[in-house]
Structure formats: C-alpha cells, structure tokens
Amino acid sequence: MTGQPGRTGRSGSQTSAGDLLELVRSGRAVTRGALQQATGLSRATVGQRLDRLFRAGWLREGAGGPVGSPLGGRPSITLEFDDSHAVVLAADLDTRHARAAVLTLTGEILAEHSGTLVIEDGPEAVLGELGRWFAELLTKAGHRAEEVCGIGLAVPGPVDSATGRVVQPPIMPGWDGYDIRGRLSRAFTEHTSAPAVPVLVDNDANLMAYGEQRTGHPDCSAFVLVKVSTGIGAGVVVDGSIYRGIDGGAGDIGHIRVDAQALCRCGSYGCLAAVASGGAVARRLAEAGVPAASGSDVRDLLAAGHPEAAALAREAGRRVGDVLATVVTLLNPGVLMIAGDLAGTPFLTGVRELLYQRALPRSTAHLDVVTSRLGERAALIGAGALVVEHLYAPERVEERLVALGV
Ligand SMILES: [Zn+2]
C-alpha cells in the first residue's frame with residue numbers, strides 16, 4: 001500500500017495540491033473554508049492549489065449545493081473528486097478462471113467479463129489474453145483506452161509489491177519471478193494502441209480484504225479476510241492499508257502444516273489447504289461418489305443443501321477455525337470475514353466452533369465473524385481501489401499534475 005502522508009497532518013507550506021485532494025477525497029474537508037482550517041493555508045494559496053486540481057479535471061463542485069462554512073460567513077460550495085476524468089482496469093486470476101472489469105475511479109463496475117483462463121498456461125499466454133479482454137471491455141463500456149489511468153491485477157500467490165512479481169507461488173507454475181507488470185502493460189498497449197499505464201499486482205486475498213474493508217467496514221482498523229476456494233489465503237488490512245509483511249508473504253496460511261497426511265498442490269503433505277480448501281472437499285466428495293471436481297462444484301452443492309457437502313464443509317471450517325484461533329490472537333481484529341467457494345453457514349459454523357474454543361475469550365470478545373459482501377467482485381473492487389489510491393496519493397499528485405501541464 002502507498003503511504004498516507006495526508007492523514008498524518010502535514011501543515012503549512014508543505015501542504016501540497018495532493019494533500020488538499022486527499023482531504024476532499026476522504027471527505028474530511030470538502031469546502032475551501034474547511035481546507036483552510038485543516039491545513040493552515042491562506043485562502044489565496046488554497047485557491048491556487050485547487051485551481052490546478054480543477055484544471056486537471058480531478059475536482060468538481062459538488063451537486064449538493066452550498067453548506068455552512070466552519071469559518072462562519074456565507075455558505076460554501078462543496079468540492080468533490082471528479083471521477084469522470086479516467087477509468088481503471090482490474091482483473092482477478094484464479095487457477096482456471098478469471099474475471100476482468102472496467103471501473104470508475106470510485107469503484108463502480110462499468111463492464112465486466114469472466115471466463116476460462118488457465119494459470120498453468122503461464123504468464124505470457126494468460127496476460128496476453130487479458131490484454132484482449134481489456135480492449136473488448138473498454139469498447140463495451142464505451143470508453144477509450146487513452147482514458148485508462150492504471151491496471152490492477154489480483155493473483156492467487158504471494159506478491160512482492162515492490163516489484164509486482166510473485167514469489168515462490170505454490171499453485172502458479174511458471175510465474176515465479178516473472179515480470180507481470182511489463183507483460184500486462186505490453187499486452188494492454190498491443191491490443192489498444194494506447195500509451196502504457198502503471199500496473200499494480202497484489203495477492204487476491206489481500207485485494208479482496210482491501211475491497212471489502214473499504215466498502216463495508218471502513219471504520220474497522222484491523223480487518224482479516226480468509227478466502228477458501230481452490231486454495232486458502234488470508235488478507236489483512238490494518239489502519240486502512242494492506243499488511244503484506246516484509247516480502248508479501250503475510251496471510252499465506254494455506255500451507256501451514258496441520259495434523260493430516262493429505263498431499264497438497266504445493267507438493268508437501270499435511271497443508272491446511274490439502275484438507276480444508278474447496279478443492280479438498282471436492283476430492284472427499286468425489287471419493288464418496290458425489291460428482292465434484294472443484295471448489296465451485298462444492299459451492300453449487302452447498303447452495304443446493306447437499307447434506308454430505310455440508311458436513312464436509314463444516315469439518316473444513318473446524319480445521320480452518322483452529323488455525324484462525326492463532327491468527328485472531330495475534331492480530332485482535334474487529335472483523336473476520338470468510339469468503340470464497342466454501343463461505344456459507346456450515347463452514348462458518350465449523351470456524352466458530354474451533355475459533356471460540358481455542359482462542360482467548362479476550363481476543364474474540366469484540367470480533368464479528370461475517371461472510372463476504374462483495375462476493376466474486378471483491379478482488380476486482382480492491383484492485384481498482386489500490387490503483388486509485390496509488391495514483392492519487394499526495395506524494396504522486398505533483399508529478400502527475402506537472403505531466404498534465406497544470
Ligand atoms: Zn501446501
């Protein structure tokens with residue numbers, strides 16, 4: 001995540017146009033008077049800096065009309081982020097399936113496509129195909145490729161956010177250390193003839209957590225999301241930023257060894273994902289003669305109330321709940337969200353059984369255990385938001401305004 005210097009209270013002459021934009025975007029100061037009060041800048045200086053943001057097309061006057069000013073006097077015109085000057089592209093890769101979208105800068109999905117894309121085909125082919133999807137989606141959304149300000153990509157593996165490369169991904173053969181940003185940027189320009197744009201890559205559970213926290217739990221300062229689909233991963237959002245650890249490995253709980261013998265996709269035995277993921281439950285069902293090959297098959301069976309699927313999902317939930325007792329004790333989150341193919345009542349019941357039994361009562365006293373709100377769109381919305389927060393962060397705004405000639 002990008003830093004948030006605008007929120008640390010810089011004041012006086014150091015307060016840039018980017019800081020003013022941050023204050024408006026966050027809703028903390030939306031009139032000229034409120035911006036003066038928040039920054040200590042003079043009315044003239046606030047006016048000059050806002051003027052640049054207006055000329056860039058990044059700010060507009062609010063539709064709500066004038067409001068009372070904190071400095072007294074005449075009611076002031078409200079300001080708001082003008083989200084119509086650009087669009088964002090986002091994609092979410094799963095092992096055999098992908099989803100892509102064009103989004104507004106405020107996270108509304110304008111056009112969306114999902115289909116088969118097999119991660120084992122390797123980054124060259126998969127990212128090339130995504131470039132084609134993006135070109136078609138832009139046409140569908142009625143936007144020009146030149147309007148795209150950036151691309152966000154969610155992948156099912158640990159990502160070093162400094163380089164945008166996946167690091168020893170257990171289920172992404174051929175992707176380790178590959179230049180994802182470069183390839184996706186090239187695919188975008190090849191299919192659209194538009195100039196290259198920044199590409200941000202992050203882990204899918206991280207982006208799901210980011211999307212869900214921002215849209216549904218903005219006041220929660222410690223938020224954990226656990227995705228249980230083909231594999232198992234967790235995303236952690238602390239004080240509004242994704243917590244990634246030192247090299248992107250935070251939250252990769254699927255390959256913790258538990259008391260089990262099953263062979264995992266990563267090549268090891270006894271991983272949590274080998275016994276409690278959607279894939280693991282599908283395998284158990286298939287062994288019992290129930291046709292199921294993937295996490296999404298299990299999801300369909302659960303939706304239809306299949307009793308054996310429900311029993312196995314609950315057992316998987318207990319396995320995951322046991323591990324989550326440690327996670328919750330370490331992080332003391334306010335919200336623990338369960339997402340992915342298995343997220344439903346039987347799995348949640350299993351999680352709660354072990355979580356409350358094994359964790360200290362102190363660490364679960366104020367904990368909400370909930371299911372996903374954004375569903376299959378969570379990572380797309382998180383990826384779009386990550387791009388916007390990156391590009392409009394105060395430390396990047398000045399450079400971009402200069403590039404626009406304002
Ligand atoms: Zn494993």
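A residue is called buried when its relative accessible area is under 20%. By this cut-off Cys271 is buried, because its relative accessible area is 0%. The model described here is predicted. Its chain is assigned three stretches: domain 1 (17-81), domain 2 (87-206 + 380-403) and domain 3 (218-373).

**Cysteines**
- Cys149 also counts as buried, because its relative accessibility is 10% and the cut-off for a buried residue is under 20%.
- The number of disulfides in the structure is 0.

**The open sheet**
- Five strands form an open sheet, in the order β5-β4-β3-β6-β9, and their pairing is mixed.
- The edges of this sheet are taken by β5 (109-116) and β9 (199-203). Each of these two strands has a single partner strand, so one side of each lacks a neighbour in the sheet.
- On average, neighbouring strands of the sheet are turned by 15° against each other, with direction ignored.

**Domain 2 and domain 3**
- Domain 2 is made of two segments, 87-206 and 380-403, whereas domain 3 is given as 218-373.
- A distance of 26 Å separates the C-alpha centres of domain 2 and domain 3.
- Their contact involves 14 residues from domain 2 and 16 residues from domain 3.
- The size of an interface is often expressed as the accessible area lost when the parts come together.
- For domain 2 and domain 3, the buried area is about 1300 Å². Carbon and sulfur atoms give 50% of this area.
- On the domain 2 side, Pro170, Ala205 and Asn206 supply 39% of the area buried against domain 3, more than any other three residues.

**Residues with positive phi**
- Gln168 is not a glycine, yet its phi is positive, at about 45°. This residue is located in the loop between β8 (165-166) and α5 (180-192).
- Gln168 counts as exposed because its relative accessibility is 64%, and exposed means over 50%.
- Asn332, likewise a residue other than glycine, has a positive phi near 50°. Its place is the loop between α10 (307-331) and β13 (335-339).
- Asn332 is partly exposed, because its relative accessible area of 41% lies between the cut-offs for buried and exposed residues.

Key: Residues are numbered from 1 along each chain as its sequence is written. This is a predicted model: local features need pLDDT of at least 70, side-chain atom pairs count only at pLDDT 80 or more; totals for chains, interfaces and linings use all residues. Side-chain values use heavy atoms; hydrogens and water are left out. A disulfide is a pair of cysteine sulfur atoms within 2.5 Å. Buried means under 20% relative accessible area, exposed over 50%, partly exposed in between (1.4 Å probe, protein chains only). Two strands pair if DSSP finds at least two bridges between them. Helices (H or I, at least four residues) and strands (E, at least two) are DSSP runs, numbered from the N terminus. Axes are lines fitted to C-alpha atoms, for helices over the stretch in contact, and angles run from 0 to 180 degrees between N-to-C directions. Domain bounds come from an automatic or database domain assignment. Contact means heavy atoms within 4.5 Å. Buried area is the accessible area (1.4 Å probe) that two parts lose on being put together, summed over both.
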